[in-house]
Amino acid sequence: MNRTTLSLIAAGSALAAVTAFAAFAGPSASGASAPKAAANLPVQRTSLLCPAPSISDIASTSYTSFTPVTQGTATDGKAQLQAAGEDSADGTGNPGTGNPGTGKGSKGSKSGKKTAGQPVLTPKAPGTPVTGDTSGADAPALIGTADGKYAPGWTVQETTEVAAGTGRGLQGVNCTAADTDFWFPGASTATGRTDYVHLTNPDDSAAVVDIELYGKDGAIKSTLGENLTVPPHASKPVLLSTLTDTQQADLTVHVSVRSGRVGATVQALDDKAGGDWLAAAADPAGSLVLPGIPKDATDVRLIVFTPGGDDADLKVRLASPGGLITPAGNETLHVKSGVTTTADLGAVTRGEAGSLVLTPTDHSVPVVAALRVVRGKGDKLETAYIPATAPVGTRATSADNSAKGTTLALTAPTATATVKVTASAGSEGGTATTKTYTIKSGTTEDVPVPVPSGLNGTYALTVETASGGPVYASRTLTATESGVPGFTIQTLPNDRGMVAVPETTEDLSVLQK
């Protein structure tokens, strides 16, 4: 997925000016020095898109917004989340067809136009989270914007509790930026599964989207996923089973945008094993990391797809607290080009923290991957997903944490790293606190999560790489209801709060004339 959609308006203008000047003027003949190294500056504007949370009438959804404190930001700014308009759930684009999967009429707008009303929440000053909530199947998708001091690292978590029915349990997703290309290994059209691709368009013009499906035998031929129109400021949930009559347990979904841009997320719901959101996997790469498999996972399935023309052969290793180990019977995995390939890993973590590390056995072939993780036994199963993710980098942020239900997994697959973790003030009170951890090369640790002193409400975690090799992270949120071990997992890639802007020693005053 091309994660280049955070905008830096003022700095972007300056960068364009510098680029234009360099193109026409070039280095001076008098031996003037070359441009200086790029400076890291806070982004000045960003946007986030949250999918419509549930098809259940008994769903309860909370939103948590948080902006970490960032040096060098503006002194003013604003941020808000507002309801998007909604398009039909049957993929026809016709208004008034009702809620996806319920067969019921909608109380909300189905016109595709932006829904009027007050923001769902208005973020507080950086460093303090703020929450809002909705309920029922009519809760809309949200479009959020932030600028000035609210923009750098702005994070919004959507968490939904469903007490019974399809997808019952805990579902969570980080609201994402708009983009043009997404991969989702791990979706399904099997009996008992209800999987939607949620498409949200934040812009003033319509977006045109293609959805492609790849199963165990390759591409699934269908024209029903082509040229899907998402109206301006609107959201379209597309039920995968309406795109094909083929029932397959494991699919890779490719969302590509012909014009415009969208936010895209898959909602994967199971009649018997709960469900969760499947976020887009990291861009295709030869080596991938899938961090934070729960210690008590009872079943783990790896889903891999290679979009290029070459087959891939992968080493499969588990980064445990003691180092990298090879799961018995799953030492390597052959991935045929264009075919969704799976490996059943079972209870691979065996009571310890773990992350999956995929590397090429020989030559590198780009792949995408995700894990389907099940906790519980018998009729008390719950499911979550861990897509391959980018490293934490400078900083990553997780909103909506609780004092007892949060697990933070950190892994350093190639080199020892030092990591700083900060717990923010609580949404209703409390004082921020920071801890530092050393993660040894090739290991995963579920670190003791810092909790704000005097915590009242929910809080955020920021993870920063202080030194050493790349660090990958995920946050697991748990809540048991009626004996079902509800849980949801969000990976923590870089929050894109900073952007590199080249400096120059040239006199640009001529551009003012």
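Q: What is the strand order in the open sheet of four strands?
A: In this predicted model, the order is β32-β29-β34-β35 with antiparallel pairing, where strands are DSSP runs of E of at least two residues, numbered from the N terminus, and two strands pair if DSSP finds at least two bridges between them.

Q: Which are the edge strands there?
A: They are β32 (443–447) and β35 (484–491), each of which pairs on one side only.

Q: And how do β29 and β34 pair?
A: Strand β29 (residues 406–412) and strand β34 (residues 472–481) run antiparallel over six bridges, and Thr-411 stands opposite Tyr-472 in β34.

Q: Before we move on, what are the ground rules for numbering and atoms?
A: Residues are numbered from 1 along each chain as its sequence is written, and side-chain values use heavy atoms, with hydrogens and water left out. Local features need pLDDT of at least 70 and side-chain atom pairs count only at pLDDT 80 or more, while totals for chains, interfaces and linings use all residues.

Q: What does Leu-381 touch?
A: Leaving aside residues up to four places away in sequence, its contacts (heavy atoms within 4.5 Å) include Arg-168, Lys-272, Ala-273 and Val-484. The C-alpha atoms of Leu-381 and Ala-273 are separated by 4.7 Å, although the two are 108 residues apart along the chain.
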